[in-house]
Every structure is written in structure tokens, then in C-alpha cells.
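Visitor: I would like to go through the terms used for this structure and the values behind them. Please set each value against its cut-off.

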Amino acid sequence: MKKILITGGAGFIGSHLTKRLLDEGCFVICLDNLYTGSKANIEPFMANDNFKFVKADVIEPYYFEVDEIFNLACPASPPHYQKDPVFTFKTSVFGILNALELAKKTGAVLLQASTSEVYGDAKKYPQRESYFGNVNPNGIRACYDEGKRAAETLICDYIRKYGVNAKIARIFNTYGPNMDKNDGRVVSNFIVQALSGDDITIYGDGRQTRSFCYVEDLIEGLILLMKSDFSGPFNLGNPEEFTICEFADYVLGLTGSKSKKVFMPLPDDDPVRRKPDISYASLKLGYAPKVCVRDGLVKTVEYFKKELLG
């Protein structure tokens, strides 16, 4: 039986990855400090003999005999990672150092959950892995953006210096069940506001774009990368693109909400256009998102209806 460690396993993406791996017959260790993760996300697995939860922080060294490591631990939404920027940066840098050291000692394969934020407010469109990005190292988003960029640097140096088998996935906007209703990102914000009858908050003029990937498609990409012979980095996401205003109208129509759109000032360093070029992942991994935004949103809306009623 393959033993797998998922740091941040109680989070949104981590909990979906845990389910997928348990369904495949793996033994899964979930390490999470519950800073943004939730025990409710992993409650369905607690009675499974092949699942183990360890409450701990990736900033501190840890040791498990495992075959694979998925390093997902880090606050990922702006309200969460800006709440304590020093902690966020330490989570990215010390977290990947501890994961790399474990991989070096045990020979485990390591997959790092990097992010599209490494491209910053990109000047090239769509974003390809060869683009070095346009990131403000001194801005309010830098704790996350630069922390993830530094983590990629460490991974590549460990590969070159120590021969560690490590892989990098650059994750674009992902949504689906198990998202925190207070997450602060556009999908959860719009759905919760629409279902609650509150104003839909749009930052800026709403013409900035995002591309949204349903969580099952992202998980498939992570699995394909882990099983491959490639290190990456690879963009993982869905190239289907919306302006923020278009997406707000889409959510309003889907929920039947009468909420009004209101416009607020755009936060500093907010990206103008965000769309992944996934041709490299398609070529090398056979990666191809299958869930259209409408189908994914229907499932996500149903999840939030239950959450809000609960």
C-alpha cells in the first residue's frame, strides 16, 4: 500500500485529494494546523483505517516514512494570507524546506502546490510556464506571491544539488465543494452573496478576467503530474475565461438571485488578466479539464446552500 503525506490536507483542495487517494487504495497522512483548513472537510475520513490526521505546522520539522508528499499547506486567499504576512511567507519557505528535507531523507516523490500568482500582474497573455512574471516584491500580496516563487527556487536547487524527485504544479483559480464560505475569493464571495441576497461586490470596473477550474479537474492534474516523469513547472487550470462582471451575471442567473452589483476600489497589485496556457500539461501529461464552468457551479451552489442552511 502506497503511503502518502498531504500537508494542508484539511483544506479545500487537500480534502478532495485525500478522498481521491483513499479511493485509490492509498494510506493517507493529513498534516494540518487548521489555520484555514477545517476538520469538517476530513470528518468523512476519520473512521477510515487508511487515514491518519496529524495536527501540526509545516513550519516545524516533521518525519514520516512515506512514498509521496503533496505539499499543499499555505493560506491561499488574499484575506487569509494578508492577515499574517510573515506567517504566510514562513509557511511557504520553511514549509517547502521541511518537505524537501523529508523527500531527501526518505526518497519520497514531492509535489509542490505552487500558484498562478507567481506570474503576478502578468504582461503576457495567456500565461505560459516560460514567463518569469511581473511581481511586486514589496506589495501586500508579496508574502504569498514571493513565498511561492521562493519555494520553486528551493525545489529546483534541491533537484540540481541533491537529486530530489520533486514536481511543481502552478494552480490557477479553483472552485468547488468544501470551499470556506468566508474564503474571500471571487467564486465563494459571489455565490454566498447571491444566495444571501446581499450585494455582489466587484472590485475595480469588473473588466479584469479570471479562468475557473473545477476541483475534480485540478485533482486529476495533480495525480497525472505525480505519476509522470516530469518536474515541471506545469500550469493546471481551465482556460475558459470570464470578466468578473460576466461571472457575476452568470452566478446571479444560476442562483436566481435579485442581488445588485456594487463596485469597490481595486486592491493593490490585483492581476488584470489571468488565463493559463495549459498546452505543455496537455502535451506531457495528457491533462484536459472536463467539467464546464456551469456544471461545476451547479455543484458548488448546492454545496453552499447546505452550508448556509447549516
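Guide: In this predicted model, Ser92 lies in helix 4.

Visitor: Why is Ser92 called buried?

Guide: Ser92 has a relative accessible area of 4%. Buried means under 20%, so Ser92 counts as buried. Leaving out residues up to four places away in sequence, Ser92 touches Cys74, Gly147, Lys148 and Ala151.

Visitor: What is the state of Cys74: is it in a disulfide or in no disulfide?

Guide: Cys74 is in no disulfide. The nearest cysteine sulfur belongs to Cys143 and is 8.1 Å away. A disulfide needs two cysteine sulfur atoms within 2.5 Å, so this distance is too far for a bond. A search of the whole structure finds zero disulfides.

Visitor: What makes Tyr35 and Phe87 an aromatic pair, and why is the pair called tilted?

Guide: A search of the whole structure finds 16 aromatic pairs. In the pair of Tyr35 and Phe87, the distance is 4.8 Å centre to centre, with 55 degrees between the planes. Centres within 6.5 Å make a pair, so these two rings qualify.

Visitor: Where in the chain are Tyr35 and Phe87?

Guide: Tyr35 is in the loop between strand 2 (27-32) and helix 2 (39-42), and Phe87 is in helix 4 (residues 85-106). The two are 52 residues apart, and the pair links distant parts of the chain.

Visitor: Why is Tyr35 called partly exposed, and what is the term for Phe87?

Guide: Tyr35 has 33% relative accessibility. Partly exposed covers the range between the 20% limit for buried and the 50% limit for exposed, so Tyr35 belongs there. Phe87, with a relative accessible area of 15%, is buried.

Visitor: Why is the pair of Phe242 and Phe247 called edge-to-face?

Guide: The planes of Phe242 and Phe247 are 70 degrees apart, and the ring centres are separated by 5.7 Å. Phe242 is buried at 10% relative accessibility, and Phe247 is buried at 1%. Phe242 and Phe247 form one aromatic cluster with Phe190, Phe212 and Tyr250.

Visitor: How do you know that Lys104 lies over the face of Tyr162?

Guide: Lys104 is 4.1 Å from the ring centre of Tyr162. The distance limit is 6 Å, so this value passes. The charged end of Lys3 sits over the ring of Phe27, at 5.9 Å from its centre, so this distance also falls within 6 Å.

Visitor: Why is Ser259 called buried, and what does its side chain contact?

Guide: Ser259 lies in the loop between helix 8 (244-255) and strand 13 (261-264). Its relative accessibility is 9%, under 20%, so Ser259 is buried. Its side chain makes a polar contact of 2.8 Å with the side chain of Ser257. A polar atom of the Ser259 side chain also lies 3.5 Å from the backbone oxygen of Gln193. Beyond neighbours within four places in sequence, Ser259 is in contact with residues including Gln193, Asp198 and Leu252.

Visitor: Which residues touch the most other members of the largest nonpolar core?

Guide: The largest nonpolar core has 61 residues, and those touching the most other members are Leu21, Phe70, Val187, Phe190, Leu222 and Phe247. Helix 7 (residues 215-227) gives the most to this core, with seven residues.

Visitor: Why is Asp269 called partly exposed, and what is its phi?

Guide: Asp269 has a relative accessible area of 32%, which is between the 20% and 50% limits, so it counts as partly exposed. Its phi is near 65 degrees, a positive value in a residue other than glycine. Asp269 lies in the loop between strand 13 and helix 9 (279-285).

Terms used: Residues are numbered from 1 along each chain as its sequence is written. This is a predicted model: local features need pLDDT of at least 70, side-chain atom pairs count only at pLDDT 80 or more; totals for chains, interfaces and linings use all residues. Side-chain values use heavy atoms; hydrogens and water are left out. Rings of Phe, Tyr and Trp (its six-membered ring) pair if their centres lie within 6.5 Å; planes under 30 degrees apart count as stacked, over 60 as edge-to-face and the rest as tilted. Helices (H or I, at least four residues) and strands (E, at least two) are DSSP runs, numbered from the N terminus. Buried means under 20% relative accessible area, exposed over 50%, partly exposed in between (1.4 Å probe, protein chains only). A charge sits over a ring if NZ of Lys or CZ of Arg is within 6 Å of the ring centre and within 35 degrees of the ring normal. A polar contact is a pair of N or O atoms within 3.5 Å; within protein, one must be able to donate a hydrogen and the other to accept it, and residues adjacent in sequence count only if both atoms are side-chain atoms. Contact means heavy atoms within 4.5 Å. A nonpolar core is a set of buried Ala, Val, Leu, Ile, Met, Phe, Trp, Tyr and Cys residues joined through side-chain atoms within 4.5 Å.
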